[in-house]
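Me: I have a structure open and would like to go through it piece by piece. Can you help me read it?

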Amino acid sequence: MAVDRVPVLKRCRSLDLDPVYLGIDKKSNRKAVHQQRKLSEYGMQLREKQKAKFIYGVLEKPFRNYYAKAERKPGQTGENLMIMLESRIDNVIFRLGWARTRREARQIVDHKDVLVNGKQVNIPSYLVKAGDIIEIKEKKKSSQRFKDVIEVTGSRLVPEWLESDKENLKGRVIELPKREAIDVPVDEMQIVELYSK
């Protein structure tokens with residue numbers, strides 16, 4: 001399986017992205033502010049796509065597949081794309097506050113620690129639906145790892161489209177997110193323009 005191994009803070013600087021959106025609390029350490037080159041229209045569109053891919057931890061081919069699915073759905077393609085990315089199980093685990101970062105959430109899913117509606121899910125790209133009940137396996141709930149994570153993420157706000165019970169590590173998808181509820185600094189219309197060329 002392909003993995004993006006670029007240092008996170010270095011990538012944040014190149015995309016002009018605050019590491020907070022990745023779940024990292026520290027600010028990137030900028031010693032000098034370099035004057036950025038003026039980007040072409042294509043460059044700005046590409047940057048928005050790279051931002052979305054980087055934030056959600058999706059590589060190029062799956063991202064293109066998400067775009068193709070979003071295009072086939074009724075409604076605006078850009079909004080559909082963002083809703084699909086936000087509905088991934090690894091992102092939902094991160095949003096529920098059961099992981100410090102999306103990468104850690106992905107690892108939790110990979111390690112088969114997550115149940116969706118009572119069935120084990122180990123595919124990070126699994127898309128949740130409204131009404132799904134998500135929980136951590138019973139034998140993992142008491143592990144020190146999750147106690148440490150909850151201690152760190154306890155103050156993080158859970159979006160209104162999710163319901164979280166952090167003591168029992170159980171959550172529910174109330175509804176699929178609306179675009180207004182997604183606080184990711186990505187201009188999805190630029191991505192649509194990029195792919196529609």
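What follows is a chat about the helices, salt bridges, cores and loops of this structure.

Me: What sort of model is this, and how are residues numbered?
Reply: This is a predicted model, in which local features need pLDDT of at least 70, side-chain atom pairs count only at pLDDT 80 or more, and totals for chains, interfaces and linings use all residues. Residues are numbered from 1 along each chain as its sequence is written, and side-chain values use heavy atoms, with hydrogens and water left out.

Me: Start with α2. How many residues does it have?
Reply: Helix α2 has 16 residues and reaches 23 Å from its first C-alpha to its last, close to the 22 Å expected at 1.5 Å a residue. The expected span is 1.5 Å times one less than the number of residues. Helices (H or I, at least four residues) and strands (E, at least two) are DSSP runs, numbered from the N terminus.

Me: Which residues of α2 are buried?
Reply: Among them are Gly43, Gln45, Lys49, Ala52, Phe54 and Tyr56. Buried means under 20% relative accessible area, exposed means over 50%, and partly exposed is in between (1.4 Å probe, protein chains only).

Me: What covers them?
Reply: The cover for the buried residues of α2 includes α1 (8–15), α3 (60–72), α4, α5, α6 and α9 (188–195).

Me: And what comes after α2?
Reply: Gly57 follows α2, and its phi is positive, near 70°.

Me: Is Lys49 buried or exposed?
Reply: Lys49 counts as buried because its relative accessibility is 8%. Lys49 sits in helix α2 (residues 41–56).

Me: What does Lys49 touch?
Reply: Not counting residues up to four places away in sequence, Lys49 touches Glu60, Phe63, Ile191, Leu194 and Tyr195. Contact means heavy atoms within 4.5 Å. Lys49 is also linked with Lys53 and Glu60 in a network of salt bridges. A salt bridge is a side-chain nitrogen of Lys or Arg within 4 Å of a carboxyl oxygen of Asp or Glu.

Me: How many salt bridges are there in the whole structure?
Reply: A search of the whole structure finds 14.
Me: Where does Asp90 come in?
Reply: The side chain of Asp90 forms a salt bridge with that of Arg106, at 3.7 Å, N to O. This pair links distant parts of the chain, with Asp90 in helix α5 (residues 89–96) and Arg106 in helix α6 (residues 102–110), 16 residues apart. Asp90 is buried, at 3% relative accessibility, and Arg106 is partly exposed, at 24%.

Me: What about Glu138 and Lys141?
Reply: Their side chains meet in a salt bridge at 3.5 Å, N to O. Both residues lie in helix α7 (residues 138–141), 3 residues apart, which is about one turn of the helix. Glu138 counts as exposed because its relative accessibility is 61%.

Me: Which residue does Arg172 pair with?
Reply: Arg172 forms a salt bridge with Glu163, and their closest N and O atoms are 3.5 Å apart. Arg172 is partly exposed at 30% relative accessibility, and Glu163 is partly exposed at 40%.

Me: Now Arg88. Where is that?
Reply: Arg88 is in the loop between α4 (77–86) and α5. Arg88 is buried, with a relative accessible area of 4%. The side chain of Arg88 makes a polar contact with the side chain of Tyr66 at 2.9 Å. A polar contact is a pair of N or O atoms within 3.5 Å; within protein, one must be able to donate a hydrogen and the other to accept it, and residues adjacent in sequence count only if both atoms are side-chain atoms.

Me: Change of topic. How many residues are in the largest nonpolar core?
Reply: The largest nonpolar core has 25 residues, and those with the most contacts inside it are Tyr56, Phe63, Leu81 and Leu85. The elements giving two or more residues to this core are α1, α2, α3, α4 and α9. The largest share, 5 residues, comes from α4. A nonpolar core is a set of buried Ala, Val, Leu, Ile, Met, Phe, Trp, Tyr and Cys residues joined through side-chain atoms within 4.5 Å.

Me: Last one: where is Ala130?
Reply: Ala130 is in the loop between β2 (119–121) and β3 (133–136). Leaving aside neighbours within four places in sequence, Ala130 is in contact with Val173, Ile174, Glu175 and Leu176.
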